[in-house]
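Student: Could you give me a close look at a single strand, and then go on from there to what else is packed or paired in the model? Please state the cut-offs as you go.

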Amino acid sequence: MREEPKILGLLCKWCSYAGADLAGTSRFTYPPNVRIVQVPCSGRIDPVMIFRAFSEGYDGVLVSGCHPGDCHYGTGNYFARRKLAVARRLLETVGVSLDRMCFAWVSAAEGRKFSEVCAEFTERLKKLGGREKTMAREAVAR
Amino acid sequence: MKELRARAGEAFDRGAIDVLLCWRSDTEDGKVKPHVFKKGDDLETVVFDDRCVHNLVTFLPEVAGHNKKTGVVLKGCDGRALVTLLTEKRLKRDGLYIITVACDGVKIDGKTAAKCADCVTSVSPIADVVIGEKKALKPAEYKQLEYIEKMKPDERWQFFSQQFERCARCYTCRQVCPMCYCETCIAEQVGPAWIDASTKLSANTMWQLSRAYHLAGRCADCGECERACPERLPLRLLNAAMQKTVKELFGVVPGTDADAQPPLSVLAQDDPDSLLEGKR
Amino acid sequence: MAGWKKLAKSDLPAFLAELASQAELVVPQEKNGKTRFLPLDSARPISFPSSLVDVSLKSVFFPKRRPVARFGEKGDSPSEQRIECAAVQSPFSPRIVMGAHPCDVSAVNYVDRVFVHSAFKDPLYEAERNRTTIIGMACSEMKPECHCTDRDLSPDNERGMDAVFVEAGDGYLFRAVTDKGAAVLKSGLLKETSDEPAKRDWPRGKYPVSPESIVQSPSSSEADPFWQEVADLCLTCGACTFACPTCTCFLVSDERHDGAGERVTAWDSCQFSGYSRMSGGHNPRKTKSARVRNRMLDKFVYTVEKYGATSCVGCGRCAIICPVGRHFPREIAALSRGLSPLSSEENGDCTRSKRGLPPLSSDENGGCTRSPRTR
């Protein structure tokens with residue numbers, strides 16, 4: 001069983017990814033568990049990507065975008081909010097706890113906030129437990 | 001049924017329709033089957049009774065594409081599917097002549113179908129002709145979800161993974177569904193392949209979740225997916241969860257309001273952030 | 001061929017236990033509402049259906065998902081690391097399938113032509129076949145959709161079986177057909193007997209087809225309205241191909257995770273819209289009518305050309321499983337007789353004549369008048 005939770009971070013390019021960058025340049029420390037994937041906008045996130053993360057064995061998914069009203073493309077994050085609200089309920093129905101998804105609006109100036117979100121989420125997942133309890137992918141015989 | 005046959009004959013006679021998509025009785029094997037009646041066909045085989053389980057809206061876009069004036073006979077749930085398809089502009093309203101017959105429920109294997117307990121409307125919300133009386137119904141309760149909701153997350157995953165494992169990936173559920181009409185389904189995409197092609201558990205899980213998600217806010221709960229599934233998977237469970245979610249979060253019952261926007265593609269600037277935080 | 005041996009009904013569980021001690025025993029059992037061929041599980045009730053088993057024998061020899069090779073990283077230090085790839089081996093342990101009816105056994109024999117006796121041999125499939133002894137079962141009745149008698153078979157045909165048994169009064173009668181079959185019928189519970197199963201005359205003529213008549217039928221051409229009539233009411237869902245014991249289309253997929261993976265074969269279907277789509281987007285069978293036509297002609301014409309046998313065994317599962325009531329056997333019989341697809345013995349050529357369309361001629365092509373409709 002993996003000790004360290006594996007987290008997928010889907011970050012929008014204009015706000016959240018820049019915010020994560022700022023966390024780095026400002027030397028805020030946070031756990032290395034989040035693997036970051038940049039998307040142009042949180043509205044681009046297809047919940048199928050989140051389903052795929054869980055079926056690949058990730059313990060949690062972090063989605064972060066611009067604050068509502070500040071989307072670089074105007075309205076992308078409004079669509080994201082609705083889509084992701086529905087997707088997390090579907091995952092909950094099949095047994096992926098709501099605690100395994102984290103949504104945060106992080107702007108380009110919020111480096112500290114990003115590092116805090118990551119630290120908090122990692123702690124939460126450590127308490128929830130390991131991969132067996134998620135949609136773990138079958139082990140492939142080597 | 002007499003009235004239905006009479007109205008159909010009349011519609012053919014005055015040129016209101018070129019074809020009629022309806023059910024016919026088949027004396028050879030005693031079943032009732034979808035059929036495209038053409039002018040001059042014997043309308044005595046037109047039937048509407050509790051054996052008419054099929055959702056004719058699945059056939060409708062293609063039949064309407066081949067004919068200028070297409071008549072169709074719909075139950076309540078079928079009509080909800082049509083309302084959503086019209087909202088999505090899958091097909092045009094003019095050119096359709098819709099006859100709806102009040103439905104008392106359909107039977108599967110001799111018993112009333114489970115989906116009929118969650119009936120939202122006994123007649124199609126959109127119609128040119130209404131035959132029979134519309135029933136007053138309670139809002140759907142989705143009692144089958146109570147069993148799932150009582151379970152803890154691990155138990156839920158154990159239950160669903162056992163079901164998903166049995167999926168043969170035959171895609172019959174997708175083909176009978178009127179709402180599944182993508183020219184290239186996400187399951188067939190290969191660059192990247194979001195959903196692996198074989199029947200291992202993780203791929204089956206991806207397929208089931210993706211389909212349920214793509215139907216959120218659109219599914220009319222006609223129940224055909226579950227009836228048609230050769231492995232008898234409880235497919236309505238996931239669709240019911242999505243219907244319940246969309247109703248609780250956005251107050252939407254898909255297909256009941258011809259003027260409503262599809263909930264997941266509407267620009268909703270005033271949604272509260274609690275959508276993403278609320279726990280059940 | 002040996003004579004018959006009798007097994008008392010009360011001895012059946014003990015006989016099965018004996019077989020299960022010699023080999024992996026696969027018998028029809030009910031699971032999730034359907035009878036299927038599964039490894040014997042004493043927790044499930046044993047009963048051998050008197051006719052069709054709901055789910056065919058196909059997945060016993062050709063599973064829905066079948067790893068054919070495994071690959072992965074080996075080696076601990078970077079200098080040692082390499083990718084290794086190894087073909088999957090069959091277990092080679094003996095297996096007995098008991099209770100397969102003539103249609104399913106005939107289907108397996110047809111599939112052998114595809115995977116064993118053709119230019120490309122599938123070693124995994126061949127190994128699965130070689131390690132298996134088939135004790136077939138003769139049917140006591142024909143179900144409404146059964147029409148094996150129209151496919152050069154009968155409910156008591158023994159072709160392809162290693163041994164056969166049939167329900168007879170208060171017991172079962174067993175007989176060896178091949179040496180392999182004799183080897184599994186050595187139990188002391190089987191008593192020599194002069195009893196023989198009653199000979200029966202099985203009905204035929206429900207859905208007759210002659211491949212020559214299909215080739216000659218003017219309806220066989222792609223532009224004929226016969227196919228659009230069928231396609232209008234078909235969803236090309238593929239349920240029939242999954243249920244059919246001789247449909248063996250498959251795709252090959254590499255599935256990777258974290259440096260290791262498997263190459264697998266998985267069931268595919270010619271009815272899927274993307275089945276013949278190529279890179280670049282061209283799809284020679286884009287329309288439903290093209291796909292339904294392809295399947296019908298494949299079963300009765302193309303497989304005769306390629307493998308020397310029609311691939312329909314008359315089990316009727318396609319008609320049983322179709323969610324929208326298509327009746328493939330009836331349609332193919334109509335095609336063979338030059339009628340429209342919804343014709344039947346009872347209603348005759350109802351749809352074409354009532355619509356004022358001339359009947360299709362089933363003589364030489366030159367004699368036919370085509371429908372004026374073009375689609």
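Tutor: Two strands pair if DSSP finds at least two bridges between them. This is a predicted model, in which local features need pLDDT of at least 70 and side-chain atom pairs count only at pLDDT 80 or more, while totals for chains, interfaces and linings use all residues. Residues are numbered from 1 along each chain as its sequence is written, and chains are lettered from A and ligands numbered from 1 in the order in which they are written.

Let's go to strand β6 of chain C, residues 95-100 (helices, H or I with at least four residues, and strands, E with at least two, are DSSP runs numbered from the N terminus). Six of its six residues are buried, so β6(C) is largely enclosed by the rest of the structure (buried: 20 or more other C-beta atoms, placed from the backbone, within 10 Å of the residue's own; exposed: 12 or fewer; partly exposed: in between). Strand β7(C), residues 132-137, pairs with β6(C) in the parallel sense over five bridges, and C:T133 of β7(C) stands opposite C:I96. Strand β2(C), residues 24-31, also runs parallel to β6(C), joined by three bridges; here C:V97 of β6(C) is the bridge partner of C:V26.

Chain C also meets chain B: 32 residues of chain C are in contact with 36 of chain B (contact: C-beta atoms, placed from the backbone, within 7 Å). On the chain C side, the elements giving two or more residues are α8 (239-243), β11 (250-257), β12 (260-267) and α12 (350-354). That side divides into 14 nonpolar, 10 polar and eight charged residues (nonpolar: Ala, Val, Leu, Ile, Met, Phe, Trp, Tyr, Cys and Pro; charged: Asp, Glu, Lys and Arg; polar: the others, Gly among them).

An enclosed helix turns up in chain A. Seven of the nine residues of α2(A), residues 47-55, are buried, so this helix is largely enclosed by the rest of the structure. The buried residues are A:P47, A:I50, A:F51, A:R52, A:A53, A:F54 and A:S55. Their cover includes β1 (7-12), β3 (60-65) and α3 (76-93) of chain A, together with α7 (201-214) of chain B. Just after α2(A) comes A:G57, with a positive phi of about 105°.

Notes:
Contact = placed C-beta atoms within 7 Å.
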